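Hi,

Here is the structure I promised to pass on to you. Could you take a look at it, and then read my notes below?

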Amino acid sequence: MSVYDDMVAQRAEIAGTATPNVEQEVMQRIALAGLHRGGFFQHAAFYGGTCLRIFHNLPRFSEDMDFSLIEKREDIHLEDYFPSIIEEFKLAGHEVNIVKKEKKIFGRVESAFLKENTEAYDIKFQTKKTVKVKIELDVDPPLAFETEQRMLVMPYTFMTRCFTLPYLYAGKMHALVYRAWQRRVKGRDWYDFEWYVRHQIPLDYSHLQERIREFSGEVVERETFMQLLRDKLSSTDIELVKQDVLGFIDNPRELDIWSNDYFLRLADMIVFK
């Protein structure tokens, strides 16, 4: 049995079943190992839902791997680390291709999340086209954030530089309020927001404010942001929010309590750093 197959068996035992989501999570961990081996985390940090899933046990699956440079530089690119990722998969017993993801034209709001200066690539198996992982690197990030080293023990023991929870939280709240999808609601943002509140994670408003300033050019005070948040939570169709999340969780009953009023109550429970 290869290292990859062993990791899939371990993750399937934890999840209770073997699914494409399980294989995707194994691919994510191997990609992190390859990036570490190549020295990527000297220059960049992991953030977003997949970071929360892998290192903080967020109980939903997450598709994409989001990274940010820790300082603005023009000489660091994901392509430089492709050989390390590909070699790591070979060591684990699988061959992969890394393909540049072509970007479509997005409106002003969504372009803040898939920007022209964000490098995006898919990692795909050469023989199993249905399982893939998208990786993105923000090469022009909003700064003023803190990172920490988190450990994984498979496929070998290594450290990953990650945003700390208050700054992960800030990124999520920026996405929740300012993300504008043309065709669907990103209910996973709502799920993560609930997780942060339930775990009493403090929200770093300084970093959130910096994200807003870089996105819109405006300085938004906390009270104004909270009103924008409440407007979003009260006006969005909660059934569309639920529909987006269902494919990423094991227990749909988690969503039984979800309503606009429920999320407004959660907003009242936000703790600021």
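**Aromatic pairs and the nonpolar core**

Tyr196 has 2% relative accessibility and therefore counts as buried, the cut-off being under 20%. Please keep in mind as you read that this is a predicted model. Tyr169 also counts as buried, because its relative accessibility is 0%.

Tyr169 and Tyr196 make one that is stacked, with 4.4 Å from centre to centre and 5° between the planes. Tyr169 belongs to helix α5 (residues 165-178) and Tyr196 to helix α6 (residues 187-198), so their pairing ties together parts that are 27 residues apart in sequence.

Another pair is made by Tyr191 and Trp258; this one is tilted, at 6.2 Å centre to centre and 50° between the planes. It links distant parts of the chain, 67 residues apart: Tyr191 is in helix α6, while Trp258 is in the loop between α9 (238-245) and α10 (260-267). Both partners count as buried, with relative accessibility of 2% for Tyr191 and 3% for Trp258.

Trp258 turns up again in the largest nonpolar core, which has 86 residues. It is among those with the most contacts inside that core, along with Leu32, Phe67, Met173, Phe193, Phe225 and Leu229. Helix α5 gives the most to this core, with nine residues.

What does Phe193 touch, leaving aside residues up to four places away in sequence? Its contacts are Tyr169, Lys172, Met173, Leu176, Leu233, Phe263, Leu266, Ala267 and Ile270.

Phe67, another of the core residues with the most contacts, is also part of an aromatic cluster, together with Phe40, Phe41, Phe46, Phe55 and Tyr81.

After α3 comes Asn57, with a positive phi near 60°.

Arg37 lies over the face of Tyr156, at 4.3 Å from the ring centre.

Do write back with any thoughts once you have had it open on your screen.

Best wishes

Methods. Residues numbered from 1 in each chain as written. Predicted model: local features only at pLDDT ≥ 70, side-chain atom pairs only at ≥ 80, totals over all residues. Heavy atoms only, no water. Phe/Tyr/Trp six-rings, centres within 6.5 Å; stacked < 30°, edge-to-face > 60°. Helix = DSSP H or I, 4+ residues; strand = E, 2+ residues; numbered from the N terminus. Buried < 20%, exposed > 50% of the residue type's maximum accessible area, 1.4 Å probe, protein only. Lys NZ or Arg CZ within 6 Å of the ring centre and 35° of its normal. Core = buried A, V, L, I, M, F, W, Y, C linked by side-chain atoms within 4.5 Å. Contact = heavy atoms within 4.5 Å.
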